[in-house]
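These are my notebook entries on a single structure. I record what I looked up, entry by entry.

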Amino acid sequence: MKIAITNIKELIQIEDMPKKYVSGNEMNNLPTLKNAFLIIENDCILDFGSMHNFTPSISFDKIIDVTDRLILPTWCDSHTHIVYAGNREQEFVDRINGLTYEEIATNGGGILNSATLLQNTLEEDLYKQSAARLEEVIKLGTGAIEIKSGYGLTKDAEIKMLKVIKKLKENYPIAIKATFLGAHALPAAFKNKKSDYLIDVIENILPIVAKEKLADFIDVFCETGYFSVEDTVKLLEAGKVYGLRPKIHVNQFNAIGGVQTGVKYKALSVDHLEEMRTEDIEVLKNTETMPVALPSCSYFLSIPYTPARKMIDAGLPLALASDYNPGSTPSGNMNFVVSTACIKMKMTPEEAINAATLNGAYAMGLEKTHGSICRGKKANFIITKKIPSYSFIPYSFGNNQIEAVYLNGVKQDF
Ligand code: NIG
Ligand code: FE
């Protein structure tokens, strides 16, 4: 199947030579081509160029004219928890009425609330709820996604979550990476026995996860009141034995040295970073660890935003992800993430689009196949509605500017 898409008003994020990621000043450069064509063959991008050089040919099975519309690569959402059971809107109301996120968690709500719900949900039902969320984010233009475990917190429930992720991988055309987050919170059954829980995760759960190849990465919620740097080191050492590269939650509420630990263990990414000290920025320089900001989480919890300006101006790369989860970010809308990064973090539209495509792909180890319009990469792209420019996407926050989403060369039916 060979399809030509013609009269593209602007083709965004084009690459002749694929890059791993962009950092610092480079992030403000978003390569585009006006009045362009794009040719896809089966599931891959075959070619693109200027309409002046386009020759209609009988070898095309279809020619699609997209006059006045833009095309950009689908969003790469490198941090989500979309496999969860039920919701936590009551905690949302409790927060409006004055409780803090921390107070809710201390009273047995928060992650432990989701864990109880998930433990009591059958795998089939968990799959259905999660598949509905996955379909929702595909409609919103996401074409590659990372999904974490961490709402199970028992061997059976963690495996159940990871099996649901595996099934989603098998049944949907979106690229999915799975992350084992056994150390997301201390389960009630292990209250005051954290070292016993770490032993359980490391000796009983992790070996099964690895043996059944249920995870690509390992994560830890490295935070005051959750898992310390010392705990994180134990878990990352254990993951290393099975070749699981870290992608970790650090510096959400407190800077306790999680970034340094991530860098030391060659984490693919360190995520959240709402609280960044100068030394946390410094240690990330010239490493292969991608910092990931989650602005929808800051928005929903009313906590500080990741200091993107400081970080990019210091020469660092930055990726943007949704953090879609029931407690801190009940939204997987990457268009909103990109808008919020521009509005609240003062990222330019060019920086935000780079962060949510190419850099997001890198943060999942998918930069060779996703994140840009590049010959040989997957034919994953968004066709916008008739809009004046790509800056209109973050500008018109909360509105949907997407007309069609293609994954692996196939238009997704909404
Ligand atoms: O990334 N910070 C840790 N985990 C999730 C939220 C967990 C929850 O409240 O359910 C996050 O924000
Ligand atoms: Fe998260």
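**Entry 1: Ile373**

I began with Ile373, which lies in strand β15 (residues 373-374); strands here are DSSP runs of E of at least two residues and helices are runs of H or I of at least four, both numbered from the N terminus. Ile373 counts as buried because its relative accessibility is 0%; buried means under 20% relative accessible area, exposed over 50% and partly exposed in between, with a 1.4 Å probe and protein chains only. I then looked up its partners, taking contact as heavy atoms within 4.5 Å. Leaving aside neighbours within four places in sequence, Ile373 is in contact with Leu11, Ile12, Gln13, Ile14, Glu15, Leu38, Ile45, Phe48, Ile71, Leu72, Pro73 and Phe381. Of these I checked Phe48: it is 325 residues from Ile373 in sequence, and the C-alpha atoms are 8.3 Å apart in space.

**Entry 2: Basis of the values**

I note that this is a predicted model, in which local features need pLDDT of at least 70 and side-chain atom pairs count only at pLDDT 80 or more, while totals for chains, interfaces and linings use all residues. Residues are numbered from 1 along each chain as its sequence is written, chains are lettered from A and ligands numbered from 1 in the order in which they are written, and side-chain values use heavy atoms, with hydrogens and water left out.

**Entry 3: The iron site**

Which protein atoms are the donors of the iron ion (ligand 2)? I found His79 (NE2), His81 (NE2), His249 (NE2) and Asp323 (OD), lying 2.1 to 2.2 Å from the iron ion. Donors are N, O and S atoms within 2.8 Å of the metal (3.2 Å for Na, K and Ca), and water is not among the atoms, so sites may look incomplete. Along the chain the donors follow the spacing H-x1-H-x167-H-x73-D. His249, in strand β11 (residues 245-250), and Asp323, in the loop between β14 (319-320) and α12 (334-345), are 74 residues apart and link distant parts of the chain. I recorded both His249 and Asp323 as buried.

**Entry 4: Positive phi**

Asn251 has a phi near 55° and is found in the loop between β11 and α8 (258-264). Leu273 has a phi of about 60° and sits in the loop between β12 (269-272) and α9 (278-284). Asn251 counts as buried because its relative accessibility is 0%, and Leu273 counts as buried at 0% as well.

**Entry 5: Helix α4 against helix α5**

I took helix α4 (residues 123-139) and helix α5 (residues 155-171), which pack at an angle of about 50° with their axes 10 Å apart. Axes are lines fitted to C-alpha atoms, for helices over the stretch in contact, and angles run from 0 to 180 degrees between N-to-C directions. The two helices are therefore oblique to each other; angles under 35 degrees count as roughly parallel, over 145 as roughly antiparallel, 65 to 115 as roughly perpendicular and the rest as oblique. Glu123, Leu126, Tyr127, Ser130, Ala131 and Leu134 in α4 meet Lys160, Met161, Lys163, Val164, Lys167, Leu168 and Asn171 in α5. I sorted these contact residues into seven nonpolar, two polar and four charged; Ala, Val, Leu, Ile, Met, Phe, Trp, Tyr, Cys and Pro count as nonpolar, Asp, Glu, Lys and Arg as charged, and the others, Gly among them, as polar.

**Entry 6: Helix α12 against helix α13**

I repeated the look-up for α12 and helix α13 (residues 349-356), which pack at about 140° with their axes 9 Å apart. That angle makes α12 oblique to α13. The contact is made by Met334, Val338, Ala341 and Cys342 of α12 and Pro349, Ala352, Ile353 and Ala356 of α13. The residues divide into eight nonpolar, no polar and no charged.

Val405 is placed in strand β17 (residues 402-407) and counts as buried at 0% relative accessibility. I found its C-alpha atom 7.5 Å from that of Ile138, 267 residues apart along the chain. Thr6 lies in strand β1 (residues 2-12) and counts as buried at 4% relative accessibility. Beyond four places in sequence, the contacts of Thr6 include Ala36, Phe37, Met51 and Phe54.
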